[in-house]
Amino acid sequence: LNKRWPDALVYFICPEFAGNARGCYKRAYLLLNEMGFVDVNGRNSPPTGIEGLFFARALCEKVHLYGFNGEIQPDPSIPYHYHDTVKGVEAAHSFGFQTTFLTMLVKAGHFVLCTPGDTRNECHANLQ
């Protein structure tokens with residue numbers, strides 16, 4: 001990477017950091033499930049994106065999230081990935097819990113969720 005893009009900063013996530021991010025997701029699910037607040041279908045494997053979210057938060061004072069659906073019931077018209085036509089399946093991930101987990105992080109002030117139609121200045125200031 002350094003040969004191809006010598007001026008670019010390249011970061012790697014160590015396995016321990018990635019494991020901690022996935023572990024936080026799993027612990028949150030287990031606690032909420034034990035209290036009867038959530039129930040999921042499938043394995044509820046942590047999405048790899050959770051590692052990216054935690055990494056961004058570790059590097060940045062404030063993180064704005066774009067492209068995440070803030071609804072508990074996923075909108076089938078919104079692609080699972082931005083780069084392909086793969087359909088997300090509940091057998092591997094619980095989209096409902098992912099949304100609940102993300103909502104908890106946003107409400108705790110760790111992230112700013114910017115969704116289509118959002119009129120807050122902070123969701124548009126960085127796009128200019």
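Contact here means heavy atoms within 4.5 Å.

## Before you start

What you're looking at is a predicted model, where local features need pLDDT of at least 70, side-chain atom pairs count only at pLDDT 80 or more, and totals for chains, interfaces and linings use all residues. Residues are numbered from 1 along each chain as its sequence is written, and side-chain values use heavy atoms, with hydrogens and water left out.

## Phe97 and its ring partners

Let's begin with Phe97. Setting aside neighbours within four places in sequence, Phe97 is in contact with Tyr25, Ala28, Tyr29, Leu32, Val38, Val40 and Asn44.

There are 6 aromatic pairs in the structure. Rings of Phe, Tyr and Trp (its six-membered ring) pair if their centres lie within 6.5 Å; planes under 30 degrees apart count as stacked, over 60 as edge-to-face and the rest as tilted. Tyr25 and Phe97 make an edge-to-face pair, at 5.1 Å centre to centre with 75° between the planes. Tyr25 sits in helix H1 and Phe97 in helix H3, so this pair ties together parts 72 residues apart in sequence. Helices (H or I, at least four residues) and strands (E, at least two) are DSSP runs, numbered from the N terminus.

Tyr25 and Phe97 are both buried, meaning under 20% relative accessible area, with exposed over 50% and partly exposed in between (1.4 Å probe, protein chains only). For Tyr25 and Phe101, the ring centres are 5.1 Å apart and the planes are at 70°, so that pair is edge-to-face. Ring pairs link Tyr25, Tyr29, Phe97 and Phe101 into a cluster.

## Helix H1

H1 has 20 residues and spans 28 Å from its first C-alpha to its last, close to the 28 Å expected at 1.5 Å a residue (that is, 1.5 Å times one less than the number of residues). Its buried residues are Ala18, Ala21, Gly23, Tyr25, Ala28, Tyr29 and Leu32. Their cover includes H2 and H3. After H1 comes Gly36, with a positive phi near 80°.

## Helix H2

In H2 (residues 49-59), Ile50, Glu51 and Leu53 are the buried residues. Looking down the helix axis, they fall within an arc of 160°, so they line one face of H2; the arc is that of the directions from the axis to the C-beta atoms. Helix H1 (15-34), strand E1 (64-66) and helix H3 (95-107) are among what covers them.

## The core

A nonpolar core is a set of buried Ala, Val, Leu, Ile, Met, Phe, Trp, Tyr and Cys residues joined through side-chain atoms within 4.5 Å. Of the 17 residues in the largest one, Ile50, Leu53, Leu65, Phe97, Phe101 and Phe111 touch the most other members. H1, H2 and H3 each supply at least two residues, and H1 gives the most, with 5.
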